[in-house]
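Please examine the model below with attention to one helix and to the pockets. The discussion begins with a question about a pocket lining and then turns to the helix.

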Amino acid sequence: MALLSALVLFAVGLGIYDSFFATAEIKASNVFAFQCGITAVLGMAAAAAMVRYGSALRDENSLRRQYVKENDERMKAIRAKAGMPLNLAFAVALMVAGTVLGYCNELIFVTLIAVAAAQLLTAAVVKLIYMRMT
């Protein structure tokens, strides 16, 4: 909950910086627009997760259902076949590298973000296929 709160606060802080303190030159950058957009989406997802986890902590049945869902062996096998833990880590690394290197060259930014998006999309399609098969 503390990490999710920190992510929400970071997203709000970046939004405030973008609205009030960022110069026109920074706002014109596609890389900064991407950073603001992805941070806003992650902040909203973190807030939604905080609400879900908070309600689960108050209700024992909900907490038990979430525990069973998290430790479902079938879903663990499907995630492993889709390469989920490693694919997600590589996609995040590509996005971070693309964002950092994007200030030097915008073509590198677009390429790395596109590769990360394609990688995540492929993993999601594989996961959906395996979920339908079993």
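How do the residues of the lining of the second largest pocket divide into nonpolar, polar and charged? In this predicted model, that lining holds five nonpolar, three polar and five charged residues. The pocket itself has a volume of about 330 Å³. Of its 13 lining residues, those closest to the centre are Arg 52, Gln 66, Lys 69, Glu 70 and Arg 79. Helices α3, α4 (60-70), α5 (73-81) and α6 each contribute at least two residues to this lining, and the largest share, five residues, belongs to α4.

The largest pocket has a volume of about 380 Å³. It is lined by 13 residues, of which Ile 38, Thr 39, Leu 42, Met 95 and Val 96 are the closest to its centre. Here the lining comprises ten nonpolar and three polar residues, with no charged ones. At least two lining residues come from each of α1 (2-21), α3 and α6; α3 supplies the largest share, six residues.

Helix α7 comprises 28 residues, 106-133. At 1.5 Å a residue it should span 40 Å, and its end C-alpha atoms lie 41 Å apart, so the two values agree. At the start of α7, a side-chain oxygen of Asn 105 comes within 3.0 Å of the backbone nitrogen of Leu 107.

The buried residues of α7 are Phe 109, Leu 112, Ile 113, Ala 116, Gln 119 and Ala 123, and their cover includes α3 (30-58) and α6 (84-102). Gln 119 counts as buried because its relative accessible area is 18%, under the 20% cut-off. Beyond residues up to four places away in sequence, Gln 119 touches Asn 87, Phe 90, Ala 91 and Leu 94.

Definitions and conventions. Residues numbered from 1 in each chain as written. Predicted model: local features only at pLDDT ≥ 70, side-chain atom pairs only at ≥ 80, totals over all residues. Heavy atoms only, no water. Helix = DSSP H or I, 4+ residues; strand = E, 2+ residues; numbered from the N terminus. Expected span 1.5 Å × (residues − 1). Buried < 20%, exposed > 50% of the residue type's maximum accessible area, 1.4 Å probe, protein only. Contact = heavy atoms within 4.5 Å. Polar contact = N/O pair within 3.5 Å; in protein donor to acceptor, adjacent residues only side chain to side chain. 1 Å grid on protein atoms, 1.4 Å probe; cavity = no way out; pocket = protein on both sides within 12 Å on 5 of 7 lines; lining within 4 Å. Points joined across faces, edges and corners; volume = space filled by probe spheres on them. Nonpolar A, V, L, I, M, F, W, Y, C, P; charged D, E, K, R; others polar.
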